[in-house]
Structure formats: structure tokens, C-alpha cells
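Have the viewer open as you read.

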Amino acid sequence: HPFDWDSKEVRLRYLDLNNGHVVLTSGSGHKSVNPEKKPFDWIFGVEELRLDSVSYTMYSSSMPYLGSGIEKGRITRAKVDIGREFVNADSVNLKGGGCSILIGNADRADKGPVVNTTKGEWEVRVNNLYLSNSRFELNNSEKKAEKFEIALSGIGVLIDSVYNRSRIVKGNLRELTFVQDSGIYMKHFSGHVDLDSAASDVVGLRIITSHTNLVADAALEAPVGDAAGGYPFRVSMKGSVGLSDIVPFYDGIPDAIRSKRLNVDASLVWSKEYLSLRKLKLDMENRFSMEARGNLESLNDIENITGSLELHGRTDSTLFIRKGAKNREFNIPAHTEVYADFKAYKGKIAPVVRIGNRNALLSVLGYCNLISKEYDISIRADSFPVQRFIPGDIGRDLSGRIKIRGKGYDWRRAVVDAEVDIDGFVYNKH
């Protein structure tokens, strides 16, 4: 018999849900729940649940619209224990799924009273989850200047060993594929996800698109919801990133390199207090290469900052950086070497910067005390081709020395002593 009244269980061999639609509209009031009320603690089990054209719609103040549904679905060996707030299934297979979300301003939402309880933290376990031929849309209802939209189609997902309870999420993502509305084709996305109440880890992440091939590991010493709290964050990655995959999200990439790939090899640890840059290598074929490493402490207390950073780079062709005042270009010419060494000890900083090549050089040496606001900076130029960095009529081939000593950063009150010695400078052919 499917009903066991003594153990409060319902067991079914199969169940069909066809052409079903649920609509939920949240109100602004709050209904009191009598904690003494006898709980509904039945257990429901079904060997096979078949879904056909099932959908769900919700309206609320913080989320003006949420619509979801599936064309076909099959769930096997499912069990729902309402008393223990537990859901378990052997497999979930969904086809033709869709989800559309319109987000409003959460600040306007009526959040109601905060209740400190673990009640309602359902535990969900699924051995295998498979989703195919699905779509996802996310929009916001804010002003045009703040408007954003995400649209994905052809979504395919395969996950093993899914576990969720409150903010704890674990699973082995074996495959994720989709097409983004701007044309990005995610051929493969996989990795092991472990997000719990103490730490968040993503291990063996693999991303493959038509232009990107990247592997990465990431770990946060806090729940993922607290990522902005400045907790230590570790990340390592290696591979290549197609800049054409970034353009839909950031259109400031120069046209000349939008079709290029950026090769990355990086390992770092970052928090609000320190940065440990174990390795950072970036290069773009026929364009540039760069390496950096170092450690900095007391990032949240600039007057006590301590550590060192070292950077070395080289350009293989002219790099267009940006347009500044009066639409003037700023470039880094081909075959330019850049070296920078930054040392700091309890707010006392000593930078060394060299830009140029064997025929021309610009060097900057200095000392700055962030506590006393004293500084001593020396700049030397040897046949430095200003015109190649800033095209136009600004001049060319600067040679000379500038030495600046002073105290204070506000030019209206600062006490500054400057020495300028120009050995050579060509302006308008003079």
C-alpha cells in the first residue's frame, strides 16, 4: 500500500506531473506562525517522477519577476522528508529548461523580522544532475545607466554528488556548456566546487571557449558570501585568455589587440592586509611580455606598508595604452624594456624605475616617507624619445636631470627644492 499512516510515509512507484503551473505572489505583511503547532513530518518517496511542461512564476518586491519551467524531466529514487527537511534523489534529468529573472532594488524590499533559527535550511542531495538544451535570462529594472543583461542559450550541465544546505554547496561539475548572447561559446567548463560555512574552494577549474583555454584553482578562507570582507584569497591559473571573450563585458580594449590571446601564469594570495605575488607572467605574441613577483604587508595601513615588488617587461611592438587630455595618445614603443623595483619599510618607500633600451633611457630613483611626507626624487633622461611615447608636437630626444626634494603633498603648502639640468631637447626641429 502506498500509504503508511503509522510511519507517516507515502511511497509511489511512479508519478506524472503534466501541464502544471504554479504562481506565487508575495505580500507586504508578515504572518505569525504558532511554534506549538503540530509539525507536518511526513515522508514522500517516488521511484520515478516524470515531468512534462511544468512551470513556476513568482512576483515579489525585490524580484519583480521570476519565471522558470521545463519541457521534459525525469527524477529517479526521490525522497522528501519534511520533518527532517531533507531531499534526496539518485538522478535528475531535465530537458528544455528555462529561467528568466528580473531583479529590482533589494533595498526597497520588505525584508520583515530577522529570525535566528536553522529551521528552513533544507538539505538536498543528488547523485547525478543533468540539464540539456536550456536557457537563462537575467535583467534588472534599474535606470538605463545601471542596466545590465545576461542571456545564455543552449545550456548543458552535468554535475555529480550535489550537496546543498543553506550556504553550503558541494559538487563535481563535470560539464557546463552554453552560448552567450554576444557570441561567446563556452565549449567546456568543469571543476570541483566546495563552498561551506568556513571556506570556499574551486579546484581543477577548466574553461574552454573558442578563444580561451584556462585552468585554475581558487580558495577563500571564508564563505563565498563574505568575499568582500578582505579574507585571504588564493588563486593560481595558467593558460590563455582570448580578449574577444572579454570585449562584451569591457569595451575599453584597443581594436588592435581584440583578436589576440593573453597568456597567463599566475599564483597569488591576497587579503585586505597583505599581498603575496608568488608569480605573475603575462605575454601576448608579438606584443609584449611581463613578469612580476613580491610581497606587501599592512595594505590597510599605508603608513606602515612593508615589503617589495619587482616588475620586468618588454614590448615587441608599439603598445597603444590610452587617450588622455585633449585626446592625446600615450604609447609604449616597440623594443622598450621596463624595470620597476618597489621597496617599503614601515611607510618608507624607495622606488626604482627604468624605461628604455640600450640607446635611450629614462630612470627614476627616489625615497618617500609617508609618515613625515618627505621625499627625494631623481629623474634622469639619456636621449629619451619622448615623441615615441606621446606622439605629436611635444618634442623629442630629451637628455637631462631633475632632482626634487620636499615635504608635503599639497602644492599650496609644500616646501619644495627642485634642480633642473637639461643637456639636450629637440622641439620643432630646434
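What volume does the largest cavity have? In this predicted model, the largest cavity comes to about 40 Å³. The count of cavities of 30 Å³ or more is one.

To find the largest cavity, select the residues that line it: Pro333, Thr336, Gly356, Asn357, Ala360, Pro385, Arg388 and Phe389. By class, that lining holds four nonpolar, three polar and one charged residues.

## The largest pocket

Turning to the open spaces, the largest pocket holds about 840 Å³. Its lining takes in 34 residues, and Leu51, Ile70, Ile75, Val92 and Leu94 are the closest to the centre. Sorted by class, the lining of the largest pocket has 25 nonpolar, seven polar and two charged residues.

Which strands are involved in the lining of the largest pocket? At least two residues each come from β2 (9–25), β3 (43–59), β4 (65–81), β5 (86–95), β6 (98–103), β7 (123–140) and β8 (149–165). The largest share belongs to β4, with seven residues.

## The second largest pocket

Among the 16 residues of its lining, Phe178, Ile184, Met186, Asp245 and Phe249 are the closest to the centre. Two or more lining residues come from each of β8, β9 (168–180), β10 (185–195) and β11 (200–209).

Here β8 gives the largest share, three residues. The lining of the second largest pocket splits into eleven nonpolar, three polar and two charged residues.

Note on methods. Residues are numbered from 1 along each chain as its sequence is written. This is a predicted model: local features need pLDDT of at least 70, side-chain atom pairs count only at pLDDT 80 or more; totals for chains, interfaces and linings use all residues. Side-chain values use heavy atoms; hydrogens and water are left out. On a 1 Å grid over the protein atoms alone, a cavity is a set of points where a 1.4 Å probe fits but cannot get out, and a pocket is an open set with protein on both sides within 12 Å along at least five of seven lines; lining residues have an atom within 4 Å of a point. Grid points are joined across faces, edges and corners, and a volume is the space filled by probe spheres set on the points. Ala, Val, Leu, Ile, Met, Phe, Trp, Tyr, Cys and Pro count as nonpolar, Asp, Glu, Lys and Arg as charged, and the others, Gly among them, as polar. Helices (H or I, at least four residues) and strands (E, at least two) are DSSP runs, numbered from the N terminus.
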